[in-house]
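Here is a short briefing on one protein chain. Please keep the sequence and the model in view while reading.

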Amino acid sequence: MASAAEQLASNLNFATFAKAEDLKKRLWFTLGALLVYRLGTHIPLPGLNPAAYAQAFQNQSGGILGLFNMFSGGAVQRMAIFALGIMPYISASIIVQLMTSVVPALENLKKEGEQGRKIINQYTRYGTVLLGALQAYGIAIGLEHGNGVVLDPGWFFRLSTVVTLLGGTMFLMWLGEQVTSRGIGNGISLIIFAGIAAGLPTALAGTLELGRTGALSTGLILAVLVVAVLVIGLIVFVERAQRRLLIQYPKRQVGTRMFQGDTSHLPLKLNTSGVIPAIFASSLLLLPATVAGLGNNTALPTWVTSIVAALGHGQPIYMVLYGALIAFFAFFYTALVFNPKDTADNLKKHGGFIPGIRPGERTAEYIDYVLTRITVIGAIYLVFVCILPEILVSQTGIPLSLGGTSLLIVVSVTLDTVAQIQGHLIAQQYEGLIKKSKLRGGKRGR
């Protein structure tokens with residue numbers, strides 16, 4: 001089966017793509033949805049003084065606001081209706097998924113299949129509304145404390161800001177779900193990808209401008225670009241790397257004929273969790289700054305402001321916590337998406353076994369052992385890819401869009417989307433081959 005799929009993939013060409021009408025519809029829908037998202041990042045929030053806000057953002061763009069801005073596709077810099085982005089949904093997803101491992105009722109829902117998954121998704125939406133409302137209110141309070149940023153401060157401005165920003169987040173959540181079901185790729189990941197990718201040309205131009213003005217040396221810029229290229233190469237290599245476990249199927253007899261036992265492979269990705277740990281870790285580290293914005297910064301206790309400052313982007317404590325959270329979520333999310341016991345039971349049900357390993361519980365233990373070992377490597381890779389460029393960003397002052405997290409998201413989402421496009425093309429070509437064989441069989445019957 002693997003060789004047949006590889007043969008089909010090697011035969012893919014533009015003619016195959018031209019015939020894939022369903023794929024083209026999905027691609028156009030995805031592009032249209034991302035275009036709507038990009039338009040929304042340019043619609044400003046009402047009631048602001050653009051000049052005063054631009055000045056305030058410029059003073060804080062090197063810190064947590066810059067990280068917010070990167071994930072929102074520049075919407076924070078313009079304080080657009082999509083300024084909250086999709087981060088409240090991701091934070092709610094983290095909380096709900098953590099609770100499914102702790103709360104027995106949620107754990108039982110998870111085991112109920114599609115119906116239970118729908119209920120859990122509904123809880124995630126409720127959590128998104130709650131977190132989004134809190135974060136939007138924090139942004140409204142923070143804007144009012146700016147020097148002349150808000151034209152008419154008061155409860156009307158706060159309420160309109162909460163409604164607008166929360167509505168933008170809920171719309172993006174719905175849009176991401178539509179892209180996942182009717183488009184190509186994971187909708188939420190593609191929205192984040194579109195925001196970061198839109199900022200890459202500006203980030204590169206800003207870096208070159210720093211070199212032109214003498215703020216950065218030419219050698220340092222070249223070194224940063226070389227590191228970025230090497231990191232991209234490492235991401236491509238690791239994201240495609242697999243540990244294949246040999247699976248054998250016994251001989252079987254059908255009537256009087258004996259069929260030879262088949263062999264296949266169980267592919268275990270080196271980085272099973274993908275880009276999720278980096279997104280989860282970043283979104284959690286954004287929460288303290290949001291909570292701090294719920295009140296007047298000048299009225300906050302000294303120890304609170306010290307904690308918020310220590311968790312600022314590029315700070316040592318931020319880097320340590322960021323790396324620790326990435327490693328934690330690499331194991332946590334891998335455990336969520338891959339269950340060795342279920343895999344072992346499915347193999348046993350279909351007569352498959354790993355040579356030298358007893359089917360059933362021993363097979364589950366062996367798969368878990370191998371998966372844990374490769375997840376250690378995957379977690380180290382994620383931490384390295386995300387932390388090393390972040391150190392360069394904090395030390396050199398280059399734009400955040402050239403950091404490790406942004407490169408990981410852009411490259412990983414691109415690889416995943418291309419793989420899904422190839423999967424649709426292979427399915428299209430496979431269906432064409434089946435139709436041809438049926439036609440030939442019908443002609444012979446005549």
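Predicted model: local features only at pLDDT ≥ 70, side-chain atom pairs only at ≥ 80, totals over all residues.

The chain has 18 helices and four strands. Of its 446 residues, 40% count as buried.

**Whole chain**

- The chain exposes about 23800 Å². Carbon and sulfur atoms supply 63% of that area.

**Nonpolar cores**

- In soluble globular proteins, nonpolar side chains tend to be buried together.
- The largest nonpolar core here has 68 residues. Ile 86, Ile 90, Ile 192, Ile 235, Tyr 322, Leu 408 and Ile 409 touch the most other members.
- Helix H17, residues 361–396, gives the most to this core, with 10 residues.
- Both domain 1 (21–215) and domain 2 (216–439) supply at least three residues each to this core.
- Which residues does Tyr 322 touch, not counting residues up to four places away in sequence? They are Ala 278, Ala 281, Ser 282, Leu 285, Cys 386, Ile 387, Glu 390 and Thr 405.

**Ile 196**

- Ile 196 sits in helix H11, which covers residues 187–213.
- Ile 196 counts as buried because its relative accessible area is 0%, against a cut-off of under 20%.
- Not counting residues up to four places away in sequence, Ile 196 touches Met 70, Phe 71, Ser 406, Ile 409 and Val 410. Of these, Ile 409 is also one of the residues that touch the most other members of the largest core.
- Ser 72 is 124 residues from Ile 196 in sequence. Their C-alpha atoms are 7.7 Å apart in space.

- Leu 98 belongs to helix H7. It counts as partly exposed, at 31% relative accessibility.
- Leaving aside neighbours within four places in sequence, Leu 98 is in contact with Phe 328 and Phe 332.
- Leu 336 is 238 residues from Leu 98 along the chain, and their C-alpha atoms are separated by 9.8 Å.
- Thr 417 is part of helix H18, residues 404–445. At 14% relative accessibility, Thr 417 counts as buried.
- Thr 417 is in contact with Ile 184 and Leu 190, once its neighbours within four places in sequence are left aside.

**Backbone at Met 79**

- Most residues other than glycine have a negative phi, and most peptide bonds are trans.
- Met 79 is not a glycine, yet has a positive phi of about 45°.
- Where is Met 79 found? Met 79 lies in the loop between helix H6 (75–78) and helix H7 (87–100).
- Is Met 79 buried or exposed? Met 79 is buried, with a relative accessible area of 5%.

**Surface patch**

- Val 36, Phe 171 and Trp 174 make a nonpolar surface patch of about 270 Å².
- Trp 174 lies in helix H10, which runs over residues 155–182.
- Trp 174 has a relative accessible area of 44%, so it counts as partly exposed.

Terms used. Residues numbered from 1 in each chain as written. Heavy atoms only, no water. Helix = DSSP H or I, 4+ residues; strand = E, 2+ residues; numbered from the N terminus. Buried < 20%, exposed > 50% of the residue type's maximum accessible area, 1.4 Å probe, protein only. Contact = heavy atoms within 4.5 Å. Patch = residues over 30% accessible without salt bridge, like charges linked within 9 Å, V, L, I, M, F, W, Y side chains within 5 Å. Areas by Shrake-Rupley, 256 points an atom, 1.4 Å probe, with all protein chains shown as cover. Salt bridge = Lys/Arg side-chain N within 4 Å of Asp/Glu carboxyl O. Core = buried A, V, L, I, M, F, W, Y, C linked by side-chain atoms within 4.5 Å. Domains from an automatic or database assignment.
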